[in-house]
Amino acid sequence: MKITVCGGIIVLAVALLAPQIVQAQGFVNLDFEHPILPLSPIFDTVPTANAIPGWAAYYAGPAGYIGYDNVSLGGAGVFLEDTNATSYSPVGISLLPIQGNYSVLLEASAYLSDPLPASIGQTGTVPVTAESLTFFGNLAANIQGQTLQVTFNGQPLSFMAISNTLNYKIYSADISAFAGQTGQLLFTTPVQTLALLDNIQFSSLPVPEPSEFALVMLGTILLGFRRWKISLR
């Protein structure tokens with residue numbers, strides 16, 4: 001990884017946090033920007049095939065409909081959120097789209113007595129050059145520390161945050177073991193958790209090593225500190 005020093009500030013290759021996107025084979029609508037919505041201005045649910053084309057939704061079994069601009073008051077559900085999303089949030093996180101016009105909210109059941117998860121899944125072929133899977137997310141964990149679960153063909157994908165923004169994080173998971181394979185990519189929130197998801201992508205870059213990620217964060221902090229000092233002059 002290239003590191004240069006400019007005016008006492010460490011400048012890191014931005015490619016580490018800017019994945020080189022590779023074309024997914026069979027996977028579609030990975031940014032949720034292609035819903036087919038009814039013309040009626042008043043509606044709370046939309047057929048899943050129209051709301052999130054290419055995806056299947058699951059809560060208490062396969063779901064033919066998902067919510068629109070709404071949240072659950074305790075039960076499990078999947079929702080398409082746009083800029084008119086409800087201001088109510090079960091855990092205080094913003095439900096407005098992370099990027100573009102739409103994001104998807106997965107909200108698991110809030111009741112331990114009825115611990116239903118919420119999921120979206122899509123079947124396709126992982127690009128042969130894919131090293132990692134990245135996605136934007138606003139995640140909320142339960143009291144046990146559980147959060148979003150990502151699997152491919154039933155195999156768990158361990159992911160980590162590789163970048164932070166004011167309203168969401170960018171996560172990355174190693175997908176290289178499944179390059180060229182066809183199967184279901186599944187995002188699931190277990191009981192008492194929720195996740196707002198957007199911008200799912202396959203990348204030809206591997207997940208950053210912890211040491212590389214630490215250097216990126218150090219460079220970001222130093223650059224921010226330098227700009228702060230300049231603003232005080």
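Predicted model: local features only at pLDDT ≥ 70, side-chain atom pairs only at ≥ 80, totals over all residues.
User: In what order do the six strands of the open sheet lie, and how do they pair?

Analyst: The order across this open sheet is 6-5-10-16-12-13, and the pairing is antiparallel.

User: Which are the edge strands?

Analyst: An edge strand here pairs on one side only. The two are strand 6, residues 62–63, and strand 13, residues 155–156.

User: How many bridges join strand 12 to strand 13?

Analyst: Two bridges join them, and the strands run antiparallel. Strand 12 covers residues 149–152. Its residue F152 has Q155 of strand 13 as bridge partner.

User: Where do side chains point in a regular strand?

Analyst: In a regular strand they alternate between the two faces of the sheet.

User: How many bridges join strand 11 to strand 17?

Analyst: Eight bridges join strand 11, residues 132–140, to strand 17, and the two run antiparallel. For L139, the partner in strand 17 is A195.

User: Which residue of strand 17 is the bridge partner of L105?

Analyst: L105 is partnered with L196. Strand 9, residues 103–107, runs antiparallel to strand 17, with four bridges between them.

User: What joins strand 3 to strand 17?

Analyst: Two bridges do, again with an antiparallel run; strand 3 is residues 21–22.

How values were computed: Residues numbered from 1 in each chain as written. Heavy atoms only, no water. Pairing = 2+ DSSP bridges.
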